[in-house]
Amino acid sequence: MLFSPISNLLLSAVPAFALSLNSANTISILSNTSPSRNTLLANAIVGKNNASSVECWAVEPGFQISPTTGNDILQLGNLSGASYSQWPNTGSPIDLGFHNAPAVQWVLMIVGGANITFPDLTTHNLTVSPGELFIAADVAGTSAVGHRTVGDSGSIVLQMPFQEGTVVNHIVVNEGTCH
Ligand SMILES: *[C@@H]1O[C@H](CO)[C@@H](O)[C@H](O)[C@H]1NC(C)=O
Ligand SMILES: *[C@@H]1O[C@H](CO)[C@@H](O)[C@H](O)[C@H]1NC(C)=O
Ligand SMILES: *[C@@H]1O[C@H](CO)[C@@H](O)[C@H](O)[C@H]1NC(C)=O
Ligand SMILES: *[C@@H]1O[C@H](CO)[C@@H](O)[C@H](O)[C@H]1NC(C)=O
């Protein structure tokens, strides 16, 4: 199957998250505080302490039900200058090497897949599946060398940068990949 849904990352009927600031000024996630709705959990490659790693982000607000069609619709934020890239069909994996994200952006793996690794071998790796929507945010200045992407030949990738200085509203659910 060339195109698989992103439903592996879509939690249906999970309790909505709510933010609370605890005494240590960190954000905790409380459940059962509002009616259930769908939340997209997306893997995000971030630059922290000058190194890249993966976090799991819950995109907020979650899906909203369209009053006209009844579909669940998720706002992805204000975007600028999207691009569509077709990787050559070489028959063997394509190694992009270590690089920083060119912009803070949504990335949709339309066809193909990729393995993303980090200079520190103890950092959780990320396997991107066909159809997966994820975020690359480890732009230059946030991470010394970024991440290494090795993708399937013939992959097709849609990159959708956020408007300068913005990123979709989210809660960090955990360090490492989404479960
Ligand atoms: C997108 O930009 C518009 C116009 O500047 C603004 O009103 C809106 O709040 C922005 N949306 C998000 C999700 O940032
Ligand atoms: C990530 O992948 C690299 C290369 O395959 C491997 O050496 C490393 O052990 C992996 N890291 C983790 C935390 O599994
Ligand atoms: C990040 O690491 C690079 C390479 O080691 C170094 O040149 C740069 O100054 C570091 N940046 C910060 C903010 O520590
Ligand atoms: C990604 O890693 C998996 C598991 O090791 C492997 O089967 C697959 O071929 C790798 N994909 C690429 C594009 O290297």
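1. A word on the model first. This is a predicted model, in which local features need pLDDT of at least 70 and side-chain atom pairs count only at pLDDT 80 or more, while totals for chains, interfaces and linings use all residues. Residues are numbered from 1 along each chain as its sequence is written, and chains are lettered from A and ligands numbered from 1 in the order in which they are written.

2. Next, confidence. pLDDT is the predictor's confidence in each residue, on a scale from 0 to 100. The protein chain has a mean pLDDT of 85, with 79% of its residues at 70 or more. Please read residues 1–36 with care: pLDDT stays under 50 there, and the model has 49 contacts beyond four places in sequence for this stretch. A contact here means two residues whose C-beta atoms, placed from the backbone, lie within 7 Å.

3. Now to an open sheet. Four strands run in the order β9-β14-β11-β12, with antiparallel pairing. Because β9 (94–99) and β12 (126–128) stand at the edges with a single partner strand each, one side of each has no neighbour in the sheet. On average, neighbouring strands of this sheet are turned by 15° against each other, direction ignored. As for terms, strands (E, at least two residues) and helices (H or I, at least four) are DSSP runs numbered from the N terminus, and two strands pair if DSSP finds at least two bridges between them. Axes are lines fitted to C-alpha atoms, for helices over the stretch in contact, and angles run from 0 to 180 degrees between N-to-C directions.

4. β11 (residues 114–117) and β14 (residues 147–151) are paired antiparallel over four bridges, and Asn115 has Val150 as its bridge partner in β14. Both Asn115 and Val150 also belong to the residues around ligand 4, together with Pro93, Ala114, Gly151 and Asp152. A residue counts as near a molecule or strand if its C-beta atom, placed from the backbone, lies within 6 Å of it. At least two residues of this shell come from β11, and at least two from β14. By class, the shell has three nonpolar residues, two polar and one charged. In this scheme Ala, Val, Leu, Ile, Met, Phe, Trp, Tyr, Cys and Pro are nonpolar, Asp, Glu, Lys and Arg are charged, and the others, Gly among them, are polar.

5. Ligand 2 has its own surroundings: Thr117, Leu121, Thr122, His124 and Asn125. Its shell holds one nonpolar residue, four polar and no charged ones.

6. Some backbone details deserve a look. Most residues other than glycine have a negative phi, and most peptide bonds are trans. Asn49, in the loop between β4 (39–48) and β5, has a positive phi near 50°. Asn50 is found in the loop between β4 and β5, with a positive phi of about 65°. Asn49 is exposed because it has 8 C-beta neighbours inside 10 Å, and Asn50 is exposed with 11 other C-beta atoms within 10 Å.

7. One more backbone point: Glu60 and Pro61 are joined by a cis peptide bond, with omega about -5°. Pro61 sits in the loop between β5 (51–59) and β6 (64–65).

Terms used
Buried ≥ 20, exposed ≤ 12 C-beta atoms within 10 Å, placed from the backbone.
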